[in-house]
Amino acid sequence: MENIYKPDLMEVLAVRQQTSDVKSVRIRFKDEEKARKFNFRVGQFGIYSLFGYGESTFNICSSSNWKDYIEFCFRKTGKVTEGLWQISEGDTIGFRGPYGNSYPTEAWEGKNLVFISGGIAMPPVRCAIWYVLENRAKYGNITIVYGARTVGDLVFQDELDKWAEYPNVRVVRTVDPGGETPDWKGEIGFVPTIVEKAQIPAENSVALVIGPPIMIKFTLPVLDKMGIAAKDIYTSLENRMKCGVGKCGRCNCGPVYVCKEGPVFTLEQLNKLPMDY
Amino acid sequence: MDKWLEQERPVAAPVRLQDNRVMYQPLTASSQIVSDGFVHAENSIKEFFFPRTEKLYNYKFVGQDVELQDVTVEDAPRMVLFARPCDAASLPILDHVFNWDYKDEFYNRRRRATTVVTLACTEHDTHCFCTSVGLTPDSEQGSDVLLLPLGDGNFEVRMLTEKGKELFRDLVQTSDKTAQIPEGPAKKFDVDEVLQFLEENFDSPFWEEQTLRCLGCAACAYNCPTCHCFDIVDEGNACGGCRVKNWDACQFSMFSLHASGHNPRSIQAQRQRQRIQHKFRIYHEKFGTYLCTGCGNCGRNCPVSLGVLNVVEAIHRRTVKASEKD
């Protein structure tokens, strides 16, 4: 009997602690054939199982060009993530997916890209950054603005340095006022302010903005002022999900099921939806 | 009937409990069945297709490994007898949910194995509103056989599907008698008017005004033939366990609570709005019909008289008032 709720078993290849409460995990299908055949597009998500604890939804934060494994990242915040905090190399977890739509990376070709992210929302931006850097010639200038509450809350810090080494890539780091350390060399200020200050050229640009609702709320007017149209601003919603396949009835935002018609939306699409997210 | 029970084939039908309530339940003897003297059972027939709790698979820990063991849903023939037309009509509605894109074989297997024998309604109460959502007391949607009482203890039998024909092949006699089409409840609202209101009034104070008394108990959803929201959780111990799918409901505060603590539906009025929106707008936009059969079970079982009908009638009153102002 076909079972859409049954996950594939994955071996944990590596676990990396990113911050005091965030870890990233690298996993691979135990079934070799599945590992070979698995494909996804950046922006899609998976439902990850820790048996005995339950399931949680996270973005697949590795690039779709990486064939040997997939990665996800989580913050310790509930029952399942408290459990996941304990896993280590060689353990077995479950994975269902990939689910949902993805970033329209083909439509972005030839454009300048602005990536804006706050806190734990870096992973869903990170997959897109790696993907476009691996296809560097197809995209224009890239600006990455990443902020967190404190220096210690920035995830994938070493990768920020690697990205900055690519041609025509500008990485702007910021922490909230008071979150800096004595040797902090980045900006100090909230993400919307820093985006405005960074004077990013808006011509022929698309923006991907993912972060806490409050950051998105105050960043959108800045992008609008810069002249990036609503149809060129993308975000990824993170409504609570259980099934991931359009049945369990909780992730909808008005008439739209985030698990199937999302999680990626343009601001133009969001403006037409009721505030149910 | 008795033959089915002798063969240990599951049969569910309305049964009168000791406390006089009527509920659809699995039968142990055909004498338990009640066919009249009540308007609608307290529950719906959905639990025979989509159980309250259902095992999805078992897991077992073996060192650092995990073994998953499949569970199967038996597909031996079974029957739901004397369903109400508003219960049977929920099945084609649920078919869409469990089959758009991804197919839920737990539901589909039960659905294929079950023959639904429906009894047309001869009575209705103040909660009934099937005629307002496009159904009638003798609707055939979702039934394999529809029985219409002739008044003399016999029934007009409409065999609607192959499954139905198979079941009644040797049980019917030809007759020119036809049953009188039972009269249903008067039409109580206009669904198009409701749809228009829902599209235009997402952020209206209407929701708080009308639904402040909701206790958030979800009796409406659990007794509804079309509500299908569920949760997925693990039950087990250090050796292993199982993952199960349990009924859930949009009326619970944790239903849409994000890990961050943010909740898009943090107050009860937003949750009530979601329920009505889902029934008359969201489902309609996806599948063209409504997620409601007008059975009235939400109102009948609500401790504060806040069923779909109460909310929709309030919408109607408000729309009439608005048009009078113009």
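Over how many bridges do strand 9 and strand 10 of chain B pair, and in which sense? The legends below, which begin with this strand pair, describe a predicted model.

**View 1. Pairing of strand 9 with strand 10 in chain B.** Strand 9 of chain B and strand 10 of chain B, the latter spanning residues 240-247, are joined in the antiparallel sense over seven bridges. Within this pairing, B:Asp234 has B:Arg243 of strand 10 as its bridge partner.

**View 2. The open four-stranded sheet of chain B.** The strands of this open sheet follow the order 4-3-10-9, and their pairing is antiparallel. Strand 4 (65-70) and strand 9 (230-236) of chain B lie at the edges with a single partner strand each, so one side of each is left without a neighbour in the sheet. Averaged over the sheet and with direction ignored, neighbouring strands are turned by 25° against each other.

**View 3. Packing of helix 6 against helix 9 in chain B.** Helix 6 (residues 191-200) and helix 9 (residues 268-287) of chain B pack at an angle of about 95°, and their axes are 10 Å apart. Because angles of 65 to 115 degrees count as roughly perpendicular, helix 6 of chain B is described as roughly perpendicular to helix 9 of chain B. On the side of helix 6, the residues in the contact are B:Val191, B:Val194, B:Leu195, B:Leu198 and B:Glu199, while helix 9 contributes B:Ile276, B:Gln277, B:Phe280, B:Arg281 and B:His284. Sorted by class, the contact between these two helices of chain B comprises six nonpolar, two polar and two charged residues.

**View 4. The contact between chain A and chain B.** In this view, 36 residues of chain A are in contact with 42 residues of chain B. The side of chain A that touches chain B is made up, by class, of 14 nonpolar, eleven polar and eleven charged residues.

**View 5. Chain A as a whole, shown for context.** Chain A contains eight helices and 15 strands, and its C-alpha atoms fill a box of roughly 55 × 45 × 35 Å when taken along the principal axes. The radius of gyration of chain A is 18 Å, which agrees with the value near 19 Å that a compact globule of 277 residues would have. Of the 277 residues of chain A, 51% count as buried. Among the contacts in chain A with a separation of 6 or more, 68% are accounted for by residues 24 or more positions apart.

Definitions and conventions: Residues are numbered from 1 along each chain as its sequence is written. Chains are lettered from A and ligands numbered from 1 in the order in which they are written. This is a predicted model: local features need pLDDT of at least 70, side-chain atom pairs count only at pLDDT 80 or more; totals for chains, interfaces and linings use all residues. Axes are lines fitted to C-alpha atoms, for helices over the stretch in contact, and angles run from 0 to 180 degrees between N-to-C directions. Helices (H or I, at least four residues) and strands (E, at least two) are DSSP runs, numbered from the N terminus. Angles under 35 degrees count as roughly parallel, over 145 as roughly antiparallel, 65 to 115 as roughly perpendicular and the rest as oblique. Two residues are in contact if their C-beta atoms, placed from the backbone, lie within 7 Å. Ala, Val, Leu, Ile, Met, Phe, Trp, Tyr, Cys and Pro count as nonpolar, Asp, Glu, Lys and Arg as charged, and the others, Gly among them, as polar. Two strands pair if DSSP finds at least two bridges between them. The radius of gyration is taken over C-alpha atoms; the globule rule is 2.2 Å times the number of residues to the power 0.38. A residue is buried if 20 or more other C-beta atoms lie within 10 Å of its own, exposed if 12 or fewer, and partly exposed in between; C-beta atoms are placed from the backbone.
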